[in-house]
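Hello,

Here is the structure I promised to pass on. Please open it alongside this email, then read on for what I found.

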Amino acid sequence: MNPFDYISPTDRVQVRLEGPALHIVFNNPARHNALSVDMWGAVAPLLKQAADDERVRVVVFSGAGDKAFVSGADISQFEDMRAAKEA
């Protein structure tokens with residue numbers, strides 16, 4: 001595998017390289033693209049990879065569907081994922 005193949009660790013973040021533009025699409029339209037924990041975790045490694053890739057000149061963020069770009073954090077996960085002090 002090429003070190004500059006872009007693969008998201010979650011299907012809720014889609015990624016594709018088109019020419020010099022890396023497109024990162026938040027894919028959670030049922031929740032107005034609210035960012036879940038796995039979505040948050042997917043972005044930083046993709047940006048790090050893009051920073052090291054000479055082909056990438058711009059990163060374009062967008063949201064799937066036609067209702068919202070991103071509505072904020074997916075607070076439905078707070079009780080389960082952030083209840084403990086360690087989280």
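**A proline in a helix, and the rest of the fold**

Pro45 sits in helix H1. Please keep in mind that this is a predicted model. Pro45 counts as partly exposed, with a relative accessibility of 47%. In sequence, Pro45 is 36 residues from Pro9. In space, the C-alpha atoms of Pro45 and Pro9 are 9.6 Å apart.

Helix H1 itself covers residues 37–51. Helix H1 lies across E1, E2 and E3. Its direction is at about 180° to E2.

**Confidence**

The mean pLDDT of the protein chain is 88. A score of at least 70 is reached by 84% of the residues. Among the elements, strand E2 (residues 21–26) has the highest mean, at 98. Helix H2 (residues 78–81) has the lowest, at 62. Please read H2 with that value in mind.

**The overall layout**

The protein chain has two helices and three strands. Along the sequence they follow the pattern β-β-α-β-α. The chain has 87 residues, and 31% of them are buried.

How much of the contact set joins residues at least 24 apart? Take the contacts between residues at least 6 apart in sequence: 66% of them join residues at least 24 apart.

**The sheet**

The three strands form an open sheet. Their order is E1-E2-E3, and the pairing is mixed. Strand E1 (13–18) and strand E3 (58–63) are at the edges. Each has a single partner strand, so one side of each lacks a neighbour in the sheet. On average, neighbouring strands are turned by 20° against each other, direction ignored.

E2 and E3 pair in the parallel sense, over six bridges. For a place to look, go to Val25: its bridge partner in E3 is Ser62.

**The aromatic cluster**

Two aromatic pairs were counted. The distance of the centres and the angle of the planes describe a pair of aromatic rings.

Phe26 and Phe61 make a stacked pair. Their centres are 5.9 Å apart, with 5° between the planes. Phe26 is in strand E2 and Phe61 is in strand E3, so this pair ties together parts 35 residues apart in sequence.

The cut-off for buried is under 20% relative accessible area. Phe61, with a relative accessible area of 34%, is partly exposed.

The other pair is Phe26 with Phe69. Here the centres are 6.0 Å apart and the planes stand at 70°, so the pair is edge-to-face. This pair also links distant parts of the chain. Phe26 is in strand E2, while Phe69 is in the loop between E3 and H2, 43 residues apart. Phe69 is partly exposed, at 46% relative accessibility.

Taken together, Phe26, Phe61 and Phe69 form one aromatic cluster.

Best wishes

Note on methods:
Residues are numbered from 1 along each chain as its sequence is written. This is a predicted model: local features need pLDDT of at least 70, side-chain atom pairs count only at pLDDT 80 or more; totals for chains, interfaces and linings use all residues. Side-chain values use heavy atoms; hydrogens and water are left out. pLDDT is the predictor's confidence in each residue, from 0 to 100. Helices (H or I, at least four residues) and strands (E, at least two) are DSSP runs, numbered from the N terminus. Two strands pair if DSSP finds at least two bridges between them. Axes are lines fitted to C-alpha atoms, for helices over the stretch in contact, and angles run from 0 to 180 degrees between N-to-C directions. Contact means heavy atoms within 4.5 Å. Rings of Phe, Tyr and Trp (its six-membered ring) pair if their centres lie within 6.5 Å; planes under 30 degrees apart count as stacked, over 60 as edge-to-face and the rest as tilted. Buried means under 20% relative accessible area, exposed over 50%, partly exposed in between (1.4 Å probe, protein chains only).
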